Amino acid sequence: MLFRRRKPAGFKEKMRELLWPRKGFLRPIRYLTMRILRLSASPHAVAAGVAAGVFVSWTPFIGVHFVMAFVITYFLSGNMVAAALGCAAFGNPLTYPFIWGITWEIGHLLLSREDHLAGQAVDLAALFHKLNFTELWRPVLEPMLVGAIPPGIMTSVALYALTFYTVKGFQARRRARLMERARLRLAGPTGDMPSV
């Protein structure tokens, strides 16, 4: 295999790498950022895809996030790859507990009701196993869905603007570099432009 280690990593080194990566914790974020910036679509398409992915990540419907993001992106004329990257970057196992806590609290605040699960022993695993949607909707899904709308709109609008202007600037700098390289290639080793 290409680029394989000569000496395989031992258990100790694997554990250290798991707890404290050699390349840092921000490397995946930098990778996703560069992947989004390098997409060959218009700034609007990339920004709309990222915004759709971020908005959908706030909803409690985890199994269908990508499908929902693709549908919204299609109607916004966005980029599907950007939607998938936005969905994966914003909604992941590290952020879901915070997202669920925020949507739960905002949903109960907007619906102006007390926490129905307080003081009760509700077996959520059994409710999910039986997939009894009517019993699951009122105490869990309704407040989380209602609570997902305000932060979803705010973060997707903010990230749309940020992504749009960042991609626009990145593409302009890339075009300028390519034009400069083409001009230097045409100028030749002497630096003079060929006469026509």
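Q: At what angle do helix α3 (residues 43-57) and helix α5 (residues 80-90) pack, and how far apart are their axes?
A: In this predicted model, they pack at an angle of about 40 degrees, and their axes are 7 Å apart.

Q: What hand does the crossing of α3 and α5 have, left or right?
A: α3 passes α5 in a right-handed crossing.

Q: How do you know which residues of α3 and α5 meet?
A: Contact means heavy atoms within 4.5 Å. By that rule, Val46, Gly49, Val50, Gly53, Val54 and Ser57 in α3 meet Ala82, Ala83, Gly86, Cys87 and Phe90 in α5.

Q: What kinds of residues make up this contact of α3 with α5?
A: You'll find seven nonpolar, four polar and no charged ones. Gly counts as polar here.

Q: Which residues have the most contacts inside the largest nonpolar core?
A: That core has 16 residues, and the ones with the most contacts inside it are Ile36, Val46, Val50, Trp58 and Ala82. Two or more residues come from each of α2 (27-37), α3, α5, α6 (96-110) and α8 (133-187). α3 gives the most, with four residues.

Q: What does Val46 touch, leaving out residues up to four places away in sequence?
A: Val46 touches Ile36, Leu39, Ala41, Asn79, Ala82, Thr163 and Val167.

Conventions: Residues numbered from 1 in each chain as written. Predicted model: local features only at pLDDT ≥ 70, side-chain atom pairs only at ≥ 80, totals over all residues. Heavy atoms only, no water. Axes fitted to C-alpha atoms, helices over the stretch in contact; angles between N-to-C directions. Left-handed = near helix turned anticlockwise from the far one by under 90°. Core = buried A, V, L, I, M, F, W, Y, C linked by side-chain atoms within 4.5 Å. Buried < 20%, exposed > 50% of the residue type's maximum accessible area, 1.4 Å probe, protein only.
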